[in-house]
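Here are my notes on this one, jotted down as I went through it. Have the structure open next to you while you read.

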Amino acid sequence: MTALIILSLLGILVLMMGLFHLKNKVLILIIPVLIAGIFLNANEYGLNASYFSQMVHFDNFAISFSSLLILTTTLIFGLCLQQYKTSKKPVEDIYALIIFSLVGAICMVSFNNLIMFILGLEIMSVPLYVLAGSNRENVLSNEASLKYFLMGAFASAIVIFGMTLIFGATNSFQLDEIRNAVSGTKMPGVLQVGILLFIGGSLFKAAAVPFHFWAPDVYQGSPTVITAFMATVVKTAAFAGLFRFMMVAFQDISGLWVNILVIITIATLFLANFSALSQTDFKRLMAYSGISHAGYMLIAILVLNMNAADALFFYSVSYSLATIVAFGIFLTMKNATGEYSLEIFKGLSRKNPFLAFGLVIAFLSLAGIPPLAGFFGKYFIFTSAIKGGFLTVVIIAIINTMIGAYYYLKVLNMAFTKDVYHSAPVKNHLLLDAVIVFAAIGTLILGFFPGLLQGFI
Amino acid sequence: MISLSLLLLILPLVFSVITGFLSGKNARASAMAGALINLVVAGYAFTQFEANTSYQFAFLSDWIPSIRAKFHIGIDGINLLLILLTNLLLPVIIYTVKHEDSNRSGLYYGLILFMQFALLGVFMALDALLYYIFWELALIPIYLILLGFSSQPDFKTFVKFFIYTLAGSLFMFIAILYVYIKAPGGNFSIDNFYNNHLSEQEQVWVFLGFFIAYAIKIPIIPFHTWQPDTYTKASTPGTMLLSGVMLKMGTFSLLRWLLPVAPLALATVTPVVIILCIIGIVYGSIIAIRQKNIKTLFAYSSLAHVGLISAGVFALNADGFNGALIQMFNHGIIIVGLFLIAEIIYTRTETYHISELGGIRNEAPTLAFTFLIIILASVALPLTNGFVGEFLLLNGVFQYNQWMAVVGGTTVILSATYMLRMYQRTMLGLDRDYTKTILDLGTVEKIMVLGLVLIIIVTGIWPSILLDPIKPAVENLLNIIKIVQ
């Protein structure tokens with residue numbers, strides 16, 4: 001809760017500092033405050049406090065996920081310097097919007113009342129609509145913004161419609177009261193419709209099939225750091241929020257919607273992985289890769305127990321860390337060459353072995369090759385699913401892991417080929433290096449000692 | 001006192017990291033030092049090893065408490081020879097790395113040592129999850145070695161290799177998870193996996209999951225299609241790692257994990273598997289006869305030899321098991337010797353093509369002589385180590401089924417055909433353009449080649465130094481399988 005307040009204040013402060021044309025110097029303020037935010041947030045671990053007449057509830061689940069969200073955002077601010085260091089325009093508004101969006105994401109993982117969820121969803125989304133179009137001279141960026149806004153507005157409307165139906169069936173917005181209302185008695189049919197609409201709208205933010213069509217275009221058009229933000233923070237928040245709602249309110253009646261979710265999961269996995277195979281643009285590749293990871297995370301929502309919560313948390317951490325490394329390296333290469341295709345990685349191992357090594361760690365972790373964090377993310381999800389009786393889904397997911405390995409290796413292959421794409425020197429900022437080192441080492445450590453992040457929830 | 005097995009495992013990792021930061025000659029020196037130090041430790045462990053069934057020099061500690069996975073490694077009769085083999089071959093492999101690419105050589109040597117770390121982990125792991133991690137971990141360095149340092153880098157070939165082996169491993173992963181969840185102990189320890197109390201039907205599925213992974217890695221027909229291309233296109237150190245040590249991961253795992261974990265399935269599946277292995281022997285040998293490139297020829301000969309090793313394993317008797325373990329060691333020594341000679345010839349003539357070579361004996365008698373001994377070991381001439389292994393293996397297969405032994409025994413005749421024919425055409429006859437000025441072995445080359453030849457002859461004349469330590473473990477393994485059956 002402290003973190004929520006501090007971050008809101010920070011956002012307003014950064015916005016006002018735009019008056020002084022400090023540009024990237026505001027990062028000196030932002031990053032330490034965010035790091036302090038992580039610690040203040042983690043400090044509330046175990047308190048289980050509720051605020052605002054139980055609108056939000058900071059239990060261990062909320063604390064763990066919000067710490068992860070703040071950490072991811074901090075790392076993304078580390079990438080911002082590389083992206084905006086030569087920007088002539090003010091950047092404070094962009095930074096402030098990112099922080100506001102983070103605040104929304106934190107509300108989404110800590111809500112205890114559906115009104116709070118929708119507030120969080122909107123606080124997170126509205127800044128993102130602006131951020132997606134923040135590269136104003138670029139047509140693609142404008143397209144991304146418009147597409148994201150129209151589709152996102154639809155999705156919000158669908159979530160709200162689902163909420164009203166749930167309210168109609170249970171007579172409450174409060175999660176525990178909904179739980180009490182649905183257990184035992186026979187439920188009206190609108191409840192099922194309401195739940196499905198709610199799931200659909202949330203999956204839009206998480207970019208799962210069949211609500212994924214916006215993702216490749218929006219990822220491609222948005223500025224790279226914003227893409228990284230969408231791929232990590234937004235996805236994590238959407239999944240954690242959905243999981244929380246389902247777990248607390250509807251764990252007892254999962255039979256109502258589980259079959260449809262199984263179909264969505266399988267479709268997400270296959271469609272994303274097959275589409276990713278033929279991508280030549282890095283951001284579109286990451287979009288489809290992100291959709292496929294949404295498929296794996298959906299398995300946790302199928303299982304819906306404490307094991308799955310733990311697994312989802314671990315998966316989100318490993319996915320976020322690896323994705324940030326990948327985007328960080330891409331950002332450097334893009335700045336050096338000015339292009340977006342996968343070809344720019346060609347010969348990276350000769351030009352900059354350090355970055356090539358980071359790329360290896362990031363992509364093998366995303367592919368789920370042991371002993372990197374990504375493997376244990378998948379491992380925990382799969383074991384919880386087998387114990388929950390979803391063996392078929394796990395086998396399908398494992399087949400998809402193989403398909404996924406192909407396109408991740410394709411990128412690695414570029415980095416290790418003999419021909420060099422561009423002779424321009426690859427320069428990166430110390431801050432970016434620090435982010436890559438931190439995330440890559442985190443990925444390695446979690447791969448060797450996955451027990452470190454177990455049992456937080 | 002740190003346990004020997006942990007020391008053996010950690011040293012390559014430490015040296016790998018150190019070497020990764022060096023370049024040029026420093027990297028080479030550091031890598032060689034690491035390999036030699038580990039060899040000394042492994043040799044010491046070998047002499048201290050007592051011939052019994054326990055896991056010696058073991059190291060056990062908690063790893064992931066929430067799923068009861070433990071970090072448990074140790075040495076017993078089953079993995080002893082492979083650990084020795086890995087450490088023996090590493091100096092040779094490091095020696096064959098070319099000097100040209102000196103600005104990235106730290107990475108190259110680092111990856112090779114990292115590979116050693118992963119391989120030793122696979123051999124020593126006594127916890128199924130740990131084993132699986134090392135198994136997959138071994139794939140990363142070898143893939144990067146193939147991609148970054150091959151003479152003919154070819155994404156299609158290498159990605160086929162990677163996806164193929166990864167696909168196999170994932171089936172094994174499902175099987176491991178299944179046993180972990182169903183077995184009464186609820187953990188990944190090897191004892192729990194051996195006493196899993198699964199029904200026969202379940203064990204057949206578990207068997208298939210494990211078997212696909214191993215069949216691809218070994219490779220057993222029809223899962224071998226990745227192998228010849230990968231061997232030919234890889235750099236020589238990469239080929240040596242693949243053929244000398246990495247494919248033993250598969251044959252070793254048959255004995256360590258597959259048979260004792262799914263013994264009830266054996267009655268159903270063994271006939272099919274043995275027939276596949278025998279087909280591999282004949283198929284590999286016949287194709288080898290037609291090869292024009294030395295490296296491809298060795299690749300197919302390797303297919304035939306490991307076919308026989310797997311057939312011996314599935315014969316399920318003491319001779320088969322002993323033969324398989326001995327022959328894994330011998331085959332590693334022989335095939336690395338062959339690739340080493342091929343590499344030596346290549347650095348002097350820049351060709352692997354048999355038709356372009358000839359008359360090397362006239363200019364380089366030592367090279368020709370040592371090559372002959374290695375080739376004779378490969379065709380299993382008595383008094384070489386190849387004979388001991390193949391004799392035991394064929395004997396084991398014979399006890400299982402005489403006709404299969406007859407068909408499998410053709411490997412000796414066929415390998416003599418292609419090996420001696422190749423020898424005749426490259427070493428004997430008149431000088432060719434490529435070989436007119438060929439130099440004989442240098443000092444370091446002599447040490448390497450003669451070292452391998454010495455091992456070939458000593459273990460050929462006196463096989464009991466290898467056989468005695470492993471016998472109790474083999475008998476114990478047979479008991480485990482028989483009791484459950």
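1. First, a term for the interface: a polar contact here is a pair of N or O atoms within 3.5 Å, where within protein one must be able to donate a hydrogen and the other to accept it. Also bear in mind that this is a predicted model.

2. With that in hand, how many residue pairs are in polar contact between chain A and chain B? The count is 2, with both residues at pLDDT 80 or more. As for salt bridges between chain A and chain B, the count is 0.

3. On area, chain A and chain B bury about 3200 Å² between them, and 82% of that is on carbon and sulfur atoms. A:Y379, A:M402 and A:F416 are the chain A residues that lose the most area to chain B, together making up 19% of what that side buries. Chain A puts 31 residues into the contact and chain B 34 residues.

4. Which elements of chain A give two or more residues to the side that touches chain B? They are α14, α15 (353–367), α16 (373–387) and α17 (391–416). The largest share of that side, 11 residues, is from α17(A).

5. Moving on to rings: a search of the whole structure turns up 64 aromatic pairs over all chains. Take A:Y84 and A:Y95: their planes are at 70 degrees and their centres 6.1 Å apart, so the pair is edge-to-face. A:Y84 is in helix α3 (residues 60–84) and A:Y95 in helix α4 (residues 92–110), so the pair ties together parts 11 residues apart in sequence. Both A:Y84 and A:Y95 are buried.

6. A:F330 and A:Y340 make a tilted aromatic pair, with 6.2 Å centre to centre and 45 degrees between the planes. A:F330 belongs to helix α13 (residues 306–337), while A:Y340 is in the loop between α13 and α14 (348–351), 10 residues apart. Buried or exposed? A:F330 counts as buried because its relative accessibility is 0%, whereas A:Y340 is partly exposed at 32%.

7. The charged end of A:K378 sits over the ring of A:Y296, 4.5 Å from its centre. In chain B, the charged end of B:K217 sits over the ring of B:W135, 4.7 Å from its centre.

8. Last, have a look at A:T170, in helix α6 (residues 139–170). A:T170 has 7% relative accessibility, so it counts as buried. A polar atom of the A:T170 side chain lies 2.8 Å from the backbone oxygen of A:I166. Leaving out residues up to four places away in sequence, A:T170 touches A:I178, A:A181, A:V182 and A:L191.

Terms used. Residues numbered from 1 in each chain as written. Chains lettered and ligands numbered in written order. Heavy atoms only, no water. Helix = DSSP H or I, 4+ residues; strand = E, 2+ residues; numbered from the N terminus. Buried < 20%, exposed > 50% of the residue type's maximum accessible area, 1.4 Å probe, protein only. Contact = heavy atoms within 4.5 Å. Phe/Tyr/Trp six-rings, centres within 6.5 Å; stacked < 30°, edge-to-face > 60°. Lys NZ or Arg CZ within 6 Å of the ring centre and 35° of its normal. Buried area = accessible area lost by both parts, 1.4 Å probe. Salt bridge = Lys/Arg side-chain N within 4 Å of Asp/Glu carboxyl O.
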